[in-house]
Amino acid sequence: MINLMLLVALLLTVGVGTGVLLWKRLHPQAGPETPALPDRPASETYAPMCRLFTADDFDLLTAAGEPDLAKRLRRQRRRVLRLYLGELRRDFEQVHGFCRLLAGRSLDPGFAPAATRQALAFYGLLLMVQARCALGWWFELPAATTELVDSFERLCQAARTCAAALAQEPAAQTA
Amino acid sequence: METSAEFLTQGLVYAGLLVKIMLLARLGRLGLVRRYPVLSVYLAFSLLRNIAYRYLVFTGLGLFGRHGANALLVYTQPVLWVLYPLILLELYSRMLEEYPGVYRLGRMVLLGGLGSVTALCLGITAVAEQAGTAATDRYPFIAYMVLQDRAVFLGLSFLSLILLVFVSHYRLPVPRNVWILLACFGSYFFWSALVGAFRWHFGEVFRPARNLANALVYSLALAGAAWRLSTAGEEETSRARGLAGAASRELEAALALQLRSFNETLVRVLKQ
């Protein structure tokens, strides 16, 4: 009986999922946000985030005989890092949404797989940084956050290139 | 009561035959046979199979030294199991054919999905075979076929969902006919898997209910397709057009924004 119940539950999940998707597809919500790419490079916007856990500040405090102060600073910076990560994730989602729109229009068959790979890499890195932050593994955090921002920047760059190619397309067709 | 259910099932089977002929004729009249070759082959094959089955039932002829009608069903069932996923592949191709940018990724997702779904269904079938069933079937081979049938339809349900998730994720405008066919066949796959699960669990007792429910849903699915398919449906994207339009407007706005920002940067550089 348990087998049957599990199977029916699985099937109902599939059925409800399909139904919800079809419903959403046929009854779209009005006014989705207009996606856009960030004006400033991500490395510039998120530079303070990458510097949050550089060893200098903590070494200085430890050398000055203030280990408690160093601990407090770490706690505070962890909170700040979490806020930054939330912001970065929102920005990334917006750019990824833009990429998905571009993928449907693009003639480059490599763009969608590349954007998907970037997204997977980004979310993997984000998860790793969040785990390190939660577990208190500070040592490699600056490198990991820099890599995270680079991953975001690469997606922005790919989107810019694709958007530029698409923008030139109508002009080429007109000419 | 049982007799009336059987009578109703027989009626629905004949109605299904009629609807199949109607759908095939409609595909031919609308000039969609070339556009949906696998679907047309499936309908033609299924129609001939049903007619042959009826003929063998009435005449009582044998086939390969066995009871003719049953042998026909058993030997031709795997062909249908192959044709169903091919129909889904065909719909998927029609969904993505105008979008070269996502075609490759779509193919990767499809192959990955097909592999995962096959592995999942094999796993579930193996567990079910190992655990056995509380119910009894007069013929173990029939019980085995029911189990395989359930696995195939379960896999097809999952595959339909994966395709839908992919197309929704990229917000691609899809021709209305493809939506109609996906909705009709998807609901039939889902229903067959659900009823197949009950049939496997409750055994032969559930057979009349399963036959009746399957015949009803199958006839309704085909009737829905025959009723809604149209030539214009190949061009239109149905109500999803609203979304496609919104997506398109979003994209235009975003591209305009990108260009404006690019131009502003260019002007700044030139001024410097």
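Predicted model: local features only at pLDDT ≥ 70, side-chain atom pairs only at ≥ 80, totals over all residues.
Local features are taken only at pLDDT of at least 70 and side-chain atom pairs only at pLDDT 80 or more, while totals for chains, interfaces and linings use all residues. Residues are numbered from 1 along each chain as its sequence is written, chains are lettered from A in the order in which they are written, and side-chain values use heavy atoms, with hydrogens and water left out.

**Exercise 1.** Determine how the rings of B:Y42 and B:Y84 are arranged, and which parts of chain B they tie together.

Step 1. Rings of Phe, Tyr and Trp (its six-membered ring) pair if their centres lie within 6.5 Å, and planes under 30 degrees apart count as stacked, over 60 as edge-to-face and the rest as tilted. A search of the whole structure finds 23 such pairs over all chains.

Step 2. The centres of B:Y42 and B:Y84 are 5.2 Å apart and their planes stand at 50°, so this pair is tilted.

Step 3. Because B:Y42 belongs to helix α2 (residues 37–59) and B:Y84 to helix α3 (residues 68–96), the pair ties together parts of chain B that are 42 residues apart in sequence; helices here are DSSP runs (H or I, at least four residues), numbered from the N terminus.

**Exercise 2.** Decide whether B:Y42 is buried or exposed.

Buried means under 20% relative accessible area and exposed over 50%, with partly exposed in between (1.4 Å probe, protein chains only). B:Y42 has a value of 0%, so it is buried.

Methods: Helix = DSSP H or I, 4+ residues; strand = E, 2+ residues; numbered from the N terminus.
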